[in-house]
Amino acid sequence: MTLRRVNVIILVLLAVAFLIIVQRNLLNLNDLLHKDNPDVEGILPFESELSPDLRLHLARQGEEIPIIITAAEERLGAVIAAINSAYQNSKANVVFTIVTLNETVDHLKYWLGNSKLKNIKHKIVVFNPEILSGKTAGDPEIAKIMKPLTFARFYLPAYIPEAEKVIYLDDDVIVQGDIQDLYDISIKPGHAAAFSDDCDSASVKGIVRGAGNQNNYIGFLDFKKGAIKKLGMKTNTCSFNPGVMIANLTEWKNQNVTQQLEHWMELNAKEDLYSKTLAESITTPPLLIVFYKRHSTIDPMWHVRHLGSTGAGNRYSPQFIKAAKLLHWNGHYKPWGRASSFSNEWDKWYIPDPTGKFNPVRKHMETNIKLDVHD
């Protein structure tokens, strides 16, 4: 055997040995990744070729998409479902700012930290209800339904002062489209926010039972009051729903939107400016005043609402609901409550509470029924 042939054989053996070593190292790395990330699941199709760690690192690069959402203790499951849907249905670099009260912080942290949401980018901001002192009506009936966090949307620049644009979401929503598309909706120059107009929305067909005629301004404001008359607003002006909002925070600050909203809150506390047919939308009237003919519009499919009102199941077809980019259960009937339309669409994104404190009432009732049957 020639020396040259011996050298070739040695080189081949070395190459085979090298490939074996590389394969073993890759297998060990793969095992390590799975061991370190046992809770990573639900990998989306466009990320399926990547390992969990690489998926989290590479798929969320680019411009940050800031989302602000509030987290009330009694509705914490809703917040988790909303965040999960927005995150899983997008490959954008989504960053959540969760505004809550001090007593909810520990529960929220534990729920996030012990679920597949533990790796999302987020920060928790504690809202101080004292900021509302003197700005809400003294009516005992209003006090019963008033929740401090419903006013959190009035203070958007305070939570992320470095951001120029932000999405605000109510907690009773499910995002079915790519949140990047919502963020990219254009806000006209000089406008501080964009909303979905009620008159153009597929969600509003005449009167919403229990809420009055709330697709125009007269459903929210008392036009007999002097302060409202002086504004010269038309009663039939199309209203909007602030449960989904895109805000230009630079314009918001330049126009002192927060201070304007506080002014109308204080004036209402003194003069009772809201419509008597008003349902529970006590945060909407000041927004309607401040943004009167000064807001941009959101595609109605990005805010299909009134799913929590009576008759929602008859108003929409299942095909329409599946095609919607965002679903909003505003109204009395929440998908985690006793009775709600299209609650199965919410169930897809709900993550059970590891502490056991929050239980969807409907699911709890279904479990009890099953137990009774088995007994």
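Me: What's the strand order in the open sheet?

Reply: The order is β3-β2-β1-β4-β7-β6-β8, seven strands with mixed pairing. Strands here are DSSP E runs of at least two residues, helices are H or I runs of at least four, and both are numbered from the N terminus. Two strands pair if DSSP finds at least two bridges between them. Before we go on: this is a predicted model, where local features need pLDDT of at least 70 and side-chain atom pairs count only at pLDDT 80 or more, while totals for chains, interfaces and linings use all residues. Residues are numbered from 1 along each chain as its sequence is written, and side-chain values use heavy atoms, with hydrogens and water left out.

Me: Ok, and which are the edge strands?

Reply: β3 (121-126) and β8 (296-297), each of which pairs on one side only.

Me: How many bridges join β1 to β2, and do they run parallel or antiparallel?

Reply: Eight bridges, and the two strands run parallel, with β1 covering residues 64-71 and β2 residues 93-100.

Me: Which strands does α3 touch?

Reply: α3 (residues 76-88) packs on the sheet against β1 and β2, and its direction makes about 165° with that of β1. Contact means heavy atoms within 4.5 Å; axes are lines fitted to C-alpha atoms, for helices over the stretch in contact, and angles run from 0 to 180 degrees between N-to-C directions. Helix α4 (residues 105-113) also packs on the sheet, touching β1, β2 and β3, at about 170° to the direction of β3.

Me: And β2 with β3, how many bridges there?

Reply: Six, in the parallel sense. V95 is bridged to K121 in β3.

Me: What's the handedness of the crossover through α4?

Reply: The β-α-β path from β2 through α4 to β3 is right-handed. That's judged with the strands pointing away from the viewer: the path from the first strand over the helix to the second runs clockwise.

Me: Switching to charges. How many salt bridges are there?

Reply: Eight, counting a side-chain nitrogen of Lys or Arg within 4 Å of a carboxyl oxygen of Asp or Glu.

Me: What does D172 pair with?

Reply: With R75, the closest N and O atoms being 3.8 Å apart. D172 is in the loop between β4 (165-169) and β5 (173-175) and R75 in the loop between β1 and α3, so the pair ties together parts that are 97 residues apart in sequence. There's a network too: R75, D171, D172 and K334 are linked by salt bridges.

Me: Is D172 buried or exposed?

Reply: D172 is buried, at 3% relative accessibility, while R75 is partly exposed at 22%. The cut-offs are under 20% relative accessible area for buried, over 50% for exposed and partly exposed in between, with a 1.4 Å probe and protein chains only.

Me: What about R153, which residue does it meet?

Reply: D170, in a salt bridge of 3.4 Å, N to O. R153 sits in the loop between α5 (140-145) and α6 (156-159), and D170 in the loop between β4 and β5, 17 residues apart. R153 is buried at 6%, and D170 is buried at 14%.

Me: Now the hydrophobic side. Which residues touch the most other members of the largest nonpolar core?

Reply: F96, I98, I179 and L182, in a core of 53 residues. A nonpolar core is a set of buried Ala, Val, Leu, Ile, Met, Phe, Trp, Tyr and Cys residues joined through side-chain atoms within 4.5 Å. α3 supplies the largest share, nine residues. I98 has contacts that include I69, V79, I83, L108, L112 and I124, leaving out residues up to four places away in sequence. Another core lies apart from it, with 48 residues, among them W264, L288, F291 and Y292.

Me: Last one, where does Y217 lie?

Reply: In the loop between β6 (193-197) and α8 (226-229). Y217 is buried, at 0% relative accessibility. Beyond its neighbours within four places in sequence, Y217 has contacts including F223, M233, T235, L288, F291 and Y292.
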